[in-house]
Amino acid sequence: MLLRVVPTVALLALWVWAFIDCLTTPEDEIRHLPKVVWVIIVLLFPLVGSIAWLVAGKDRARARGRRAAWPSGPTAGFPEHERPRPLAPDDDPEFLASLKRGNQQHEDMLKQWEADLRRREEELRRGGERPEDDVPKG
């Protein structure tokens, strides 16, 4: 039983790897046939197509030359240190300035509402005192 499973799993792994490699390889690194033809060959003929792709399909020398050199420097191998990191909101001067502007706008609006409320209260007090109320009824 084990002698049947191992070759089947190995063939399946080779087929999947060759198929994915064929799909993700750029057109300029493929030799002899167009990419679509290679994909069809690998799909229709799993063993022969996969081996043919590995032997004749991909230009491995060009693929090796395309790879970037290993990074060197104090942050080599740690690309998160090479990218500019976003500032936290409490460290971002623009964000803090926008908060101050927003607070000032809210303070101005609150002062305007308070002044409007005082004006309305004053109008109600004046409107409540009618001249005929001061005249004694007789």
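**Note on the helix contacts and the aromatic pair**

1. Helix 1 meets helix 3 through Leu 11, Leu 14, Trp 15, Trp 17, Ala 18, Asp 21 and Cys 22 on its side. Helix 3 answers with Pro 46, Leu 47, Ser 50, Ile 51, Trp 53 and Leu 54. Contact means heavy atoms within 4.5 Å. The residues of this contact divide into 11 nonpolar, 1 polar and 1 charged. Here Ala, Val, Leu, Ile, Met, Phe, Trp, Tyr, Cys and Pro count as nonpolar, Asp, Glu, Lys and Arg as charged, and the others, Gly among them, as polar.

2. A word on the basis. This is a predicted model, in which local features need pLDDT of at least 70 and side-chain atom pairs count only at pLDDT 80 or more, while totals for chains, interfaces and linings use all residues. Residues are numbered from 1 along each chain as its sequence is written, and side-chain values use heavy atoms, with hydrogens and water left out.

3. The chain has 7 helices and 0 strands. Helices (H or I, at least four residues) and strands (E, at least two) are DSSP runs, numbered from the N terminus. Of the 138 residues, 13% count as buried (under 20% relative accessible area, 1.4 Å probe, protein chains only; exposed is over 50%, partly exposed in between).

4. Back to helix 1 (residues 2-24) and helix 3: their axes come within 9 Å and cross at roughly 50°. That makes helix 1 oblique to helix 3. Axes are lines fitted to C-alpha atoms, for helices over the stretch in contact, and angles run from 0 to 180 degrees between N-to-C directions. Under 35 degrees is roughly parallel, over 145 roughly antiparallel, 65 to 115 roughly perpendicular, and the rest oblique.

5. Helix 1 and helix 2 pack at about 170°, with axes 10 Å apart. They are therefore roughly antiparallel. Trp 15, Ala 18, Phe 19, Cys 22 and Leu 23 of helix 1 touch Lys 35, Trp 38, Val 39, Val 42 and Leu 43 of helix 2. By class, this contact has 9 nonpolar, no polar and 1 charged residues.

6. The count comes to 1 aromatic pair. The ring centres of Trp 38 and Trp 53 are 5.6 Å apart and the planes stand at 70°, so the pair is edge-to-face. Trp 38 lies in helix 2 (residues 35-44) and Trp 53 in helix 3 (residues 46-57), so the pair ties together parts 15 residues apart in sequence. Rings of Phe, Tyr and Trp (its six-membered ring) pair if their centres lie within 6.5 Å; planes under 30 degrees apart count as stacked, over 60 as edge-to-face and the rest as tilted. Both Trp 38 and Trp 53 are buried.
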